[in-house]
Amino acid sequence: MKVLEVGCGAIEKDHTYLIAKRGTGIHEDIWEFPGGKVEQNESNEDAVRRELKEELNVDTEVLEYLISVEDAFDDTLLHVHAYRCRIRSGTPALHVHKEMRWVPADELTKYGFQKAD
């Protein structure tokens, strides 16, 4: 089984967080924070900032580390590192994903994320 490091950005706005639908097929009903694979010689925080810039066209500042989770995706084990981010410039390009939505902070635990100790 392959293992991938993934960095996710939980963008906060008015005590809500932006999540995106993962895709279609068997993953169609799975929601996640925007993010992607951590490249070689790249920190998790750098990966989050890069992915949010590429995916949503926003520059972000990482504010806080959220607890990491493990998730299985096909034959790959994902080590997911999520960070709470604030938008420094830009407006999220919500048309990039089929569906995106803002969820209240108290719903974060539904997606396996919580504040780190």
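From the N terminus on, the elements of the protein chain follow the order β-β-β-β-α-β-β-β. The chain therefore holds one helix and seven strands by the DSSP assignment. The model is a predicted one.

**The chain as a whole**

- The protein chain has 117 residues, and 39% of them count as buried.
- Among the contacts in the chain with a separation of 6 or more, 68% are between residues 24 or more positions apart.

**The nonpolar cores**

- In soluble globular proteins, nonpolar side chains tend to be buried together.
- The largest nonpolar core contains 14 residues. Within this core, Cys8, Tyr17, Ile19 and Phe33 have the most contacts.
- Strands β1, β2 (16–21) and β6 each give at least two residues to this core.
- When residues up to four places away in sequence are not counted, Cys8 touches Phe33, Pro34, Gly35, Val48, Val80, His81, Ala82 and Tyr83.

**A buried histidine**

- His81, one of the residues that Cys8 touches, belongs to strand β6.
- The relative accessible area of His81 is 14%. Because buried means under 20% relative accessible area, His81 counts as buried.
- The side chain of His81 is joined to the side chain of Glu5 by a polar contact of 2.6 Å.

**The largest pocket**

- Rolling a probe the size of a water molecule over the atoms shows where empty space is left.
- The volume of the largest pocket is about 350 Å³.
- Its lining is made up of 20 residues. Of these, Arg22, Glu32, Asp71, Leu78 and Val80 lie nearest the centre of the pocket.
- Two or more lining residues come from each of β1 (2–13), β3 (31–32), β4 (35–37), β5 (59–73) and β6 (76–89).
- Strand β5 provides the largest share of the lining, with four residues.
- By type, the lining residues of the largest pocket comprise 12 nonpolar, three polar and five charged.
- Val80, which is among the residues nearest the centre of this pocket, is also one of the residues touched by Cys8.

Methods. Residues are numbered from 1 along each chain as its sequence is written. This is a predicted model: local features need pLDDT of at least 70, side-chain atom pairs count only at pLDDT 80 or more; totals for chains, interfaces and linings use all residues. Side-chain values use heavy atoms; hydrogens and water are left out. On a 1 Å grid over the protein atoms alone, a cavity is a set of points where a 1.4 Å probe fits but cannot get out, and a pocket is an open set with protein on both sides within 12 Å along at least five of seven lines; lining residues have an atom within 4 Å of a point. Grid points are joined across faces, edges and corners, and a volume is the space filled by probe spheres set on the points. Ala, Val, Leu, Ile, Met, Phe, Trp, Tyr, Cys and Pro count as nonpolar, Asp, Glu, Lys and Arg as charged, and the others, Gly among them, as polar. A nonpolar core is a set of buried Ala, Val, Leu, Ile, Met, Phe, Trp, Tyr and Cys residues joined through side-chain atoms within 4.5 Å. Buried means under 20% relative accessible area, exposed over 50%, partly exposed in between (1.4 Å probe, protein chains only). Contact means heavy atoms within 4.5 Å. A polar contact is a pair of N or O atoms within 3.5 Å; within protein, one must be able to donate a hydrogen and the other to accept it, and residues adjacent in sequence count only if both atoms are side-chain atoms.
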